[in-house]
Amino acid sequence: MSTATYGLEKLGFKKFGKLYRNLPVEKLVEHQIFNKEGVIGPNGSVIVSTGKFTGRSPKDKFFVDEKESTDNLWWGPVNAKITLEVFEKLQSRVVDFLSGSDLYLFDGYCGAEKKYRMPIRIVTKKAWHSHFVRNMFIRPKQDDLESFTPEFTILNASGYFEKEFKELGLNSEVFIIFDLTKKLAIIGGTEYGGEMKKGIFSVMNYYLPLQKVMSMHCSANVGKEGDVALFFGLSGTGKTTLSADPDRMLIGDDEHGWSDDGIFNLEGGCYAKCVKLDPKKEPDIWNAIRFEAILENVVYDENRVVDYNDVSKTENTRVSYPLHSIPNSLIPSKSGHPKNIIFLTCDAFGVLPPVMRLSPEQASYHFLSGYTAKIAGTERGVTEPEATFSACFGAPFLTLNPEVYAKLLTDKMNQHGVMAYLVNTGWTGGPYGIGHRMHLSDTRKIITAILDGSINNSEWERGTIFRAGIPKSLAGVNSWLLRPRNTWSTPEEYDKTRIKLAEMFIQNFKKYEKSAPELVDAGPKID
């Protein structure tokens, strides 16, 4: 700590308490315990509660409607408009709430590729929030801090609740608002740390594509031969779990950029789901729960023994940890161009096969469709899997029209000859409530076959409605599982449900028919 104000007066601060900038994790943990923000957990980790909200609040996210970005932004339910007048009023209230308090500043970077990285500053009142962003973003060297100037700032006033939200045009006391001209975001009313992580991701989703860099909601790893794989999918579909492979180097588990030079991680850490965490099935995540890690909303006994199967608080229990907690992580976290792209979908209907090979046109179709199911706890109000179409497998974080990202992906896949697969990590044997989730062991065998190329030795057949390639057999996987109709007790019910899902795909894609007519034939067909 020093007497410096680090330029906060430019944001309206007039009174200052103690300002703690980039504290080492040891001191951050001390502050969390002293402030009673959390307790020491397994292996020296910290256990915290995120309060009332244990997931993101997508209906409370807004962007200022201003002339520099308004023509670029993808306006609608994901990015709702708010006026500059309202933003500045709330900014003033947030600053008043934070002024005079002891605050924690994290100065760091988003983006492992120096050419495209963004210097960011996150100001918080809670020590654990600063610890969280220290885990999640790229930590600067001491020399970097001496001349550090943030390009984007978040003011996190999690303890401030806006009582006049109706008069201001908000949906609740909670708000997450971005001004791309001021390069400033303000957060109020929610302690959930993921709002800061995904907030910066939304910002990068605006700036990177304008530089012809593909921003992606995906995990990534690389094999010993330099073969990079990307795993797209919404939260809970398996991005973190499946990219943590002891035989491959982890590039990152959630957010990446794809430039002319290759793949690079946007973050410096991982944010893994802990529900039903098993050391045998997910050893890398289990072993990362140690000093530096933060466990969120887990249930534990008087001896701090965590019950990862207890979801009485939320199914969205999580752990954040720096990338170096994974022994085989790649740091700096960047590599070459991908060889394989895997779209992970959690099919709540139990219709899709465990794996389908996609043509380039089918890959574009499924990328724009982004079919999956929201998993319980990830967002407020979601209590069980809910079928959804999320463009680019990450619509909640897109700031530009989905077709901008789809074109970038198509161009890069064609340029580098990338193969694409759709892998169902959802249900089989019936829909949610009747069937069961795909066994992780089977999914891992499928992923291994894709990455080592042995899947190409299979005989293939074409699906009759979704019309993508389905392997007849794969080493270590029961062949009957590869054809989901076989797993249902009543095949006729499967047929009806498959048509229902196909109709949902067709209806969802109507919004792209005029702009991408060439992709319509790549979707499902009902005779």
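Q: Let's start with S17 (residues 294-296) and S20 (residues 318-322): in which sense do these two strands pair?
A: In general, two strands pair if DSSP finds at least two bridges between them. Here S17 and S20 run antiparallel, over 3 bridges.

Q: What should I know about the model and its labels?
A: This is a predicted model, in which local features need pLDDT of at least 70 and side-chain atom pairs count only at pLDDT 80 or more, while totals for chains, interfaces and linings use all residues. Residues are numbered from 1 along each chain as its sequence is written, and side-chain values use heavy atoms, with hydrogens and water left out. Helices (H or I, at least four residues) and strands (E, at least two) are DSSP runs, numbered from the N terminus.

Q: What is the strand order of the sheet that holds S17 and S20?
A: Reading across, the order is S2-S3-S17-S20-S16, an open sheet of 5 strands with mixed pairing. S2 (38-40) and S16 (269-273) are the edge strands, each pairing on one side only. On average, neighbouring strands of this sheet are turned by 20° against each other, direction ignored.

Q: Which strands of the sheet does helix H1 touch?
A: Contact means heavy atoms within 4.5 Å. By that test H1 (residues 25-34) packs on the sheet, touching S2 and S3 (46-48), and its direction makes about 120° with that of S2. Helix H3 (residues 127-136) also packs on the sheet: it touches S3, S16, S17 and S20, with its direction at about 115° to that of S17.

Q: How do I describe the packing of two helices?
A: Two packed helices are described by the angle between their axes and the distance between the axes. Axes are lines fitted to C-alpha atoms, for helices over the stretch in contact, and angles run from 0 to 180 degrees between N-to-C directions. For H1 and H3, the angle is about 150° and the axes are 8 Å apart. H1 passes H3 in a left-handed crossing (the near helix is turned anticlockwise from the far one by less than a right angle; clockwise is right-handed). Val25, Leu28, Val29, His31 and Gln32 of H1 meet Ala127, Trp128, Ser130, His131 and Arg134 of H3.

Q: At what angle do H9 and H10 cross?
A: The axes of H9 (residues 360-369) and H10 (residues 402-416) cross at roughly 155° and come within 10 Å. H9 and H10 are therefore roughly antiparallel to each other, and their crossing is right-handed. Among the residues that meet are Phe367 and Leu368 in H9 and Leu409 and Met413 in H10.

Q: Where can I find a hairpin?
A: Look at S14 (residues 255-259) and S15 (residues 262-265), which run antiparallel and are joined by 4 bridges. The hairpin passes from S14 to S15 through 2 residues. Tryptophan 258 stands opposite isoleucine 263 in S15, and isoleucine 263 has serine 335 as its bridge partner in S21.

Q: Is glycine 463 buried or exposed?
A: Glycine 463 has 18% relative accessibility and so counts as buried (under 20% relative accessible area, with exposed over 50% and partly exposed in between, using a 1.4 Å probe and protein chains only). Its place is in the loop between S29 (460-462) and S30 (469-471).

Definitions and conventions. Angles under 35 degrees count as roughly parallel, over 145 as roughly antiparallel, 65 to 115 as roughly perpendicular and the rest as oblique.
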